Every structure is written in C-alpha cells, then in structure tokens.
Amino acid sequence: MYKVNDNYLKLPGSYLFSTIAKKVAAYSQEHPDRSIIRLGIGDVTQPLAPAIIDALHKAVDEMGHAETFHGYAPDLGYEFLRSAIVKGDYQSRGVELSVDEIFVSDGAKCDSGNIQEIFSLDNKIAVCDPVYPVYVDTNVMAGRTGKYNAEKEMFEGVIYMPCVEENGFAPELPEETPDLIYLCFPNNPTGSAITRDQLQTWVDYANRVGAVIIYDAAYEAYISEEEVPHTIYECEGAKTCAIELKSFSKNAGFTGTRLGYTVVPKELKQGDVSLNALWARRHGTKFNGAPYIVQRAGEAVYSEEGKEQLKKQVAYYMKNAKTIYEGLKSAGYSVSGGINAPYIWLKTPDGMTSWEFFDYLLEKANVVGTPGSGFGPHGEGYFRLTAFGSYENTVAAIDRIKALS
Ligand code: MLT
C-alpha cells in the first residue's frame with residue numbers, strides 16, 4: 001500500500017495567499033455590489049514596458065519560422081540572458097561573476113522552494129520571523145523540520161529570528177548555530193532594509209560557522225538608500241557562503257510572465273563538493289528551461305530603453321508606497337517600510353489581531369491587505385499593504401482607511 005509524504009500533514013491550513021484569495025472571493029460573492037481594492041498579494045498591476053513587449057513580439061515571430069524557431073531552451077538559460085544579467089546586475093556594481101554561475105528559471109518562488117533540495121535533511125534552517133512562508137513550508141514538505149506547535153505557531157527544529165520594532169525589523173545573529181540561513185532584503189513582508197555593514201556581519205558569521213545564506217533579493221530594484229546593498233556579493237567573502245535569488249516579477253512586472261534566476265558561485269563548496277555543480281544537476285534533471293520568448297523579454301530588461309522605462313515603473317509603485325506610508329501616518333497609524341521596498345508594514349489599531357484587522361478592513365473599507373500573523377508569530381498585531389496597485393486604487397484605499405478613524 002502506498003504512503004503519502006506525511007511531512008505535508010504537518011502544514012497547518014492552506015498557503016497564506018490562497019487562504020486570503022478564498023476569503024476575498026467569498027466576500028465578493030456575498031457582496032457583488034462592493035468595489036474591492038486588493039493590496040494584499042504583491043502582484044504588479046502596470047503593463048509590461050514597451051521595450052519588453054517589443055522583444056516578446058519579435059521572439060514570437062521568430063517562433064513562427066523554421067529558421068528562427070527555438071525548441072527546448074538550454075536548461076541553465078540562454079547565454080544572451082545570462083550575460084545580460086552578469087553585466088547589468090553585477091559588473092555594473094563592481095561584482096565579478098561568470099555566466100555559468102547564473103541559473104535562469106521560471107521565477108524566484110520556485111527557486112526559493114527548490115534550493116533546499118541540494119542540502120541534507122539534517123541541516124537546521126534559520127528564518128526571519130515574520131517571513132515569506134515559502135522558505136519554511138518547503139522545508140517542512142522536505143522533512144527538515146519537526147511538528148507544528150499550534151500554540152507557538154512555530155515548527156519544531158526551526159530557528160526563528162524575531163524581526164520586531166525594537167531591532168528595526170532586522171534579525172540578530174541566532175544563539176543556536178544554523179546550517180542554512182534564509183535572508184530577504186529589502187524584506188518581504190516588513191519592507192525593512194539592512195545596510196551593507198549589517199549584511200557583512202551575516203556573511204562573516206556564515207563563513208565562520210560554515211553556514212550557507214540563501215539571500216532573496218527579489219525587491220532590490222526598490223532600494224533608494226545608498227548604504228543598502230543591491231546584492232549580497234557586494235560583501236566580502238559572500239561567494240564562499242551565499243546563494244542569491246533574483247526575480248523579474250517585481251522589477252519588471254513578470255509576475256504573470258515568469259522569469260527569475262539564482263546565483264550559485266563556483267567558490268561555494270562543501271569540501272570538494274561544488275554547490276554550483278549540484279544545482280546544475282538538479283536544474284538539468286528537473287527543469288526544461290524558461291521559454292525562449294520570455295528569456296528574450298528578460299534580455300530587454302537590460303536594454304537602455306528597458307532600463308529607462310522600468311525606472312519609471314518602479315518610481316510609479318514607490319509613489320504608491322509614499323501615499324500609503326504618509327496617509328496612514330497622518331491617520332495615526334504606526335507604519336514602517338516603504339522606503340526601500342514596495343511593502344508597508346503597519347501596526348493594527350486598538351489591539352486587534354492581524355486577522356481581525358483583515359476582516360475589519362475588508363468589511364468596512366473593502367480593502368484587502370495581508371495579516372502579519374500569516375508570516376509568522378512575530379507578525380501578529382501587524383498588517384502588510386502592497387504598493388503594487390494602481391495609483392488611483394491606492395489613493396482610494398487610503399481615503400477609505402482614513403475615513404474609518
Ligand atoms: C507576496 O505577496 O508576498 C509575494 O507576491 C508572493 C510572491 O512573490 O510569491
């Protein structure tokens with residue numbers, strides 16, 4: 001008789017954003033007349049930039065002719081995109097990487113979920129609390145954690161690093177030594193950022209204790225402050241201890257187009273074993289490459305026109321972030337984030353729990369956000385709003401929230 005992977009049974013409820021989508025769909029069905037503004041999941045709303053659309057059209061036409069048709073993509077990504085990434089995201093910042101340290105994929109969510117496969121099940125993971133749920137849930141599915149403790153809202157065997165107001169929503173080095181450390185900066189969900197010096201402390205720590213940092217830099221395009229690093233490889237020694245995850249979703253609007261990449265430096269080794277080689281083996285076996293047309297669209301992100309257009313797109317969303325931040329602050333809310341990230345993290349008013357505030361906002365203002373407790377126990381009492389809506393909807397949402405007070 002077959003058996004299921006009972007690690008899945010340790011997971012409470014459904015994936016956070018699926019739960020929210022179901023709740024909103026039910027509310028909307030009961031109240032079809034209400035216009036709901038969605039500032040929950042960090043999904044972009046602006047159309048793809050013209051340079052990207054042109055590249056897509058051109059690539060689609062190529063696919064219609066035998067001479068320029070493309071079948072399976074190289075499993076690690078087309079050379080044209082990998083070298084555009086090396087030049088555009090790394091050499092431009094004084095970081096030397098080679099093309100074969102870049103692994104193109106269909107998005108950072110998949111990579112952040114899959115990367116744990118190249119590590120032994122004995123490894124202990126450390127995560128920020130609150131945290132993007134994919135890091136924890138995928139380790140639970142793999143069997144790298146103990147049971148879920150419903151009272152503490154934590155999995156046994158995981159090191160949680162509280163990110164709270166008192167520490168500026170930045171984790172402190174844990175007392176217990178981890179093997180794998182997940183960091184995401186600028187941060188989802190709190191919208192906080194850390195400086196180059198702070199990140200250097202983590203890199204030095206990881207090299208000292210023999211840990212690997214899995215660094216999610218999905219929100220790098222939103223950095224506005226000089227001292228905030230755009231890549232972990234700006235830190236000395238990062239190539240011997242860090243894997244970096246990057247997404248095209250937030251900087252270029254690819255949430256529905258799907259493209260991302262992972263950097264695994266060749267210097268990252270456990271004894272004689274190269275993590276770059278392990279990830280290449282995993283990628284080659286389980287992935288057939290991101291579509292040619294999408295990789296051409298990704299290449300256009302690094303063209304002069306693409307860069308110019310995307311700078312404006314990021315600025316558009318950051319204007320929303322400012323609108324949310326200042327609007328809520330003037331209404332008396334305690335808010336953070338929104339300076340180097342498209343997320344605003346606010347304290348729920350009047351001692352409401354995160355889910356109580358979710359229901360309250362949905363019912364009274366018809367605005368959807370994300371309950372902080374969905375990201376971990378230290379997210380309780382907080383709430384996340386995204387700047388990825390349209391400007392008009394963002395202004396309307398803040399007006400509705402202000403009208404409640
Ligand atoms: C979020 O809302 O946290 C993100 O959009 C989720 C994701 O990028 O997968």
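1. Three elements, α1 (16-30), β3 (125-129) and α5 (133-142), each contribute at least two residues to the lining of the largest pocket. The leading contributor is α5, with six residues. Helices (H or I, at least four residues) and strands (E, at least two) are DSSP runs, numbered from the N terminus.

2. The model is a predicted one: local features need pLDDT of at least 70 and side-chain atom pairs count only at pLDDT 80 or more, while totals for chains, interfaces and linings use all residues. Residues are numbered from 1 along each chain as its sequence is written, and side-chain values use heavy atoms, with hydrogens and water left out.

3. The volume of the largest pocket is about 660 Å³. Its lining comprises 27 residues, of which Pro12, Ser14, Pro133, Asp137 and Gly374 are the closest to the centre. A pocket here is an open set of points on a 1 Å grid over the protein atoms alone, where a 1.4 Å probe fits, with protein on both sides within 12 Å along at least five of seven lines; lining residues have an atom within 4 Å of a point. The volume is the space filled by probe spheres set on the points, which are joined across faces, edges and corners.

4. By residue class, the lining of the largest pocket holds 16 nonpolar, seven polar and four charged residues. Asp, Glu, Lys and Arg count as charged; Ala, Val, Leu, Ile, Met, Phe, Trp, Tyr, Cys and Pro as nonpolar; and the others, Gly among them, as polar.

5. The domain bounds come from an automatic or database domain assignment. The domain centres, taken over C-alpha atoms, are 24 Å apart. Contact (heavy atoms within 4.5 Å) links 39 residues of domain 1 with 48 residues of domain 2.

6. Helix α5 is largely enclosed by the rest of the structure, because seven of its ten residues are buried (under 20% relative accessible area, 1.4 Å probe, protein chains only). The buried residues of α5 include Pro133, Tyr135 and Asn139. Just after α5, Gly143 adopts a positive phi of about 95 degrees.

7. Leu183 is in contact with Cys128, Met161, Trp202 and Ile213, among others, when neighbours within four places in sequence are left aside.

Definitions and conventions
Buried means under 20% relative accessible area, exposed over 50%, partly exposed in between (1.4 Å probe, protein chains only).
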